[in-house]
Amino acid sequence: MSLRTEIKGLFRSSALRLSLALSVLFVLILLVAGGVAQYLLSEALEDQIDDDLKVRFEALAVQITQSLDGEDDDDEPEFEIDLFGDPRRSDDLIFFASFQTRSGATLGFSPRRLFSKNGYRTIPLKVEASEDEVSLWRIYTGPAAGGRLTVAQRWDTAEDLLELLPGAFIAAGAIATVLTISAGIGFGYVAQRRLGKITRVLDEIAEGNLSARVGALGRRDDLSDLASHIDATTDRLEVLLRQTRELSVNIAHDLKTPLTRLRVRLEALALENEEGRAGETAEHALAELDRILITFDAILQIACMDAGASKKRFEDVDLVQLANELSDAYSAVIEDNGFRFEFESTVPAATVRADPALLKQAIANLIENALRYSVPGGAIRLIVNSNSISVADEGPGIPDEHKLRVLKPFIRLDDARSNGGFGLGLALVQSVAQLHKADVVLADTKKVASVGLTTSLVFKA
Amino acid sequence: MRLMVLEDDPEIGQWVYDGLTREGHVVDWLKDGREALAAGSINSYDVLILDRMTPGLDGLSVLKALRAAKVATPVLFLTAMGDVDDRVEGLEAGGDDYLAKPFAFSELKARVGALGRRSSFASEQTETTKLNVKDIELDLLRRKCTRAGQDVDLNGKEFALLEALIRSNGRIQTRNMLLEKVWNMNFDPTTSVVETHISRLRGKIEKPFGDTVIRTVRGAGYVIED
């Protein structure tokens with residue numbers, strides 16, 4: 001197996017396909033889960049910050065109220081600046097507060113929009129004058145000690161935390177996908193190895209080698225169960241086939257001995273009564289018997305081929321040369337029967353793997369069929385193409401609906417093709433074709449008028 | 001000729017024995033494979049006729065044992081195992097000819113005759129380049145045929161057919177023998193392949209000279225006699 005076909009096979013492996021599908025599914029689940037987690041986490045963070053702000057707000061409100069007690073309402077209140085904090089002075093400050101007195105004066109860092117409305121808000125603030133950097137702050141504004149108080153907490157820190165989450169999910173997803181696919185390729189490769197063994201054995205069995213077995217496949221799983229089932233089936237097939245073969249050999253022997261005795265007696269009878277009527281009758285009986293024997297042999301031959309005859313006599317056969325040999329034997333016969341004989345070859349040579357004797361017999365059968373069923377005067381043509389050999393006649397042909405039927409043993413059409421013959425000629429051709437993994441193709445010789453029959457043996461390229 | 005027949009069926013064996021004896025041969029008829037092996041090793045026969053499915057030792061094993069012991073006597077298998085595979089197996093084991101049962105006695109007679117001739121001429125393996133019968137001459141190198149000094153134009157198969165008939169030297173060649181030898185066909189065509197070619201050959205070798213060279217033996221085959 002070349003690397004290319006191995007890779008091709010790997011992509012057809014169900015294990016790899018399954019792992020690819022699982023990876024896609026996993027990534028999708030991860031995306032949804034990540035989105036949901038992101039949303040929930042950001043909600044939770046916001047709630048937590050809001051709670052913090054509220055606590056701070058109330059604590060500060062109390063402090064401010066206490067500071068304002070005992071002071072005149074019109075005086076400017078004095079606080080330690082530390083109470084509010086100033087983000088402009090310290091970069092890492094995450095809290096600050098700002099107070100607006102009843103008279104409108106503000107204490108602490110108080111950029112414009114800070115007191116625009118009450119409640120929770122998230123707003124961008126420029127905390128460092130020198131730079132354009134803007135940071136997000138979560139703020140709460142509410143009434144306190146006669147004025148309004150705003151507390152703020154830096155939102156960026158929470159944002160940083162939230163930004164970690166997709167990264168974590170993407171990394172986890174990527175690693176999981178890579179791992180799943182690698183595992184898939186690994187399992188696929190192993191499964192393919194084991195499936196390959198099964199496929200090769202099945203191919204061998206199809207070729208007729210019934211002694212092929214898958215054997216142990218290692219781990220005990222569904223594949224090894226399948227393998228042992230295949231082996232068990234093949235065991236059974238082998239026994240059946242051997243029985244069939246023995247049966248046909250036994251039939252052949254058990255029938256042929258009495259048939260031989262019968263022939264011997266008839267021949268003796270004919271010899272003893274050479275001039276009399278009895279002798280004549282014996283001669284007729286002998287001729288009948290010989291016809292029976294020909295049919296008998298054909299049945300045995302077909303049975304043997306259909307039971308998966310061996311291919312040990314297969315060799316490279318040149319169809320052109322085979323056709324030439326058949327022309328040598330049959331052109332004179334065809335011409336003396338009143339037909340024209342033509343031999344056409346579109347190629348100088350066409351080599352196929354075949355049993356030369358069987359192939360010759362099959363084509364001879366086709367020629368004899370053409371002779372039997374054609375109307376004298378027409379042409380009988382032997383045609384060789386690169387992977388096929390055909391016999392074309394100009395007889396009555398076979399209607400399309402019967403074309404498949406005539407390939408079966410003992411089928412003869414009642415009308416034009418009914419004189420003589422044993423109904424086994426085409427069946428034998430079909431059996432020979434099957435042995436060669438070739439197709440028998442029946443077509444009209446002339447498409448327009450539907451004249452004649454062209455029978456082709458088409459080999460796989 | 002001196003022949004040995006290995007055949008366990010009494011009726012068929014008797015028929016073969018009677019028929020071959022009637023033809024003037026001396027026949028030893030054995031029914032057991034081991035006896036046949038012993039007889040074949042000790043006696044010198046012209047042709048051995050072996051059945052394949054015989055008690056004691058099967059015919060194929062008899063042949064293999066004989067060939068291993070350097071006995072080169074021509075062997076004809078006469079057996080019900082008529083499959084192509086069986087046939088190839090028999091010939092590859094060193095058999096010289098193969099005749100499937102049921103058989104016509106004329107076919108057996110002709111094939112035994114052809115094998116016997118081969119064994120008696122086996123010593124003189126001279127490579128002949130010319131064959132002569134009556135006033136017909138075949139030049140095997142130039143593939144040319146002349147009769148009474150006149151060229152006779154034969155095609156390849158007609159030449160091969162005439163050569164087979166002349167080489168058999170007065171013995172009958174059956175249709176099947178000619179099909180095997182000339183056309184390499186081991187099956188029986190339902191059409192008259194042999195008859196047609198014999199008739200064409202006659203048209204060239206007999207008709208212009210107004211006589212008969214190839215004699216048809218009814219129910220048996222063809223022969224050219226000197």
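The following dialogue examines how terms are applied to this predicted model.

Guide: In this predicted model, local features need pLDDT of at least 70, side-chain atom pairs count only at pLDDT 80 or more, and totals for chains, interfaces and linings use all residues. Residues are numbered from 1 along each chain as its sequence is written, chains are lettered from A in the order in which they are written, and side-chain values use heavy atoms, with hydrogens and water left out.

Visitor: How many salt bridges does the rule find across the interface of chain A and chain B?

Guide: The rule finds five across that interface, and the count over all chains comes to 40.

Visitor: Why is the pair Glu23(B) and Lys109(B) called a salt bridge, and what does the pair tie together?

Guide: The closest N and O atoms of Glu23(B) and Lys109(B) are 3.6 Å apart, and the limit is 4 Å, so the name applies. Glu23(B) lies in the loop between helix 1 (10-22) and strand 2 (26-30) of chain B, and Lys109(B) in helix 5, so the pair ties together parts 86 residues apart in sequence. Helices (H or I, at least four residues) and strands (E, at least two) are DSSP runs, numbered from the N terminus.

Visitor: How many residues of chain A are in contact with chain B?

Guide: Contact means heavy atoms within 4.5 Å. Accordingly, 32 residues of chain A are in contact with 33 residues of chain B.

Visitor: What joins Lys101(B) and Pro102(B)?

Guide: A cis peptide bond joins them, with omega about -5°. Pro102(B) lies in the loop between strand 5 (97-100) and helix 5 (105-121) of chain B.

Note on methods
Salt bridge = Lys/Arg side-chain N within 4 Å of Asp/Glu carboxyl O.
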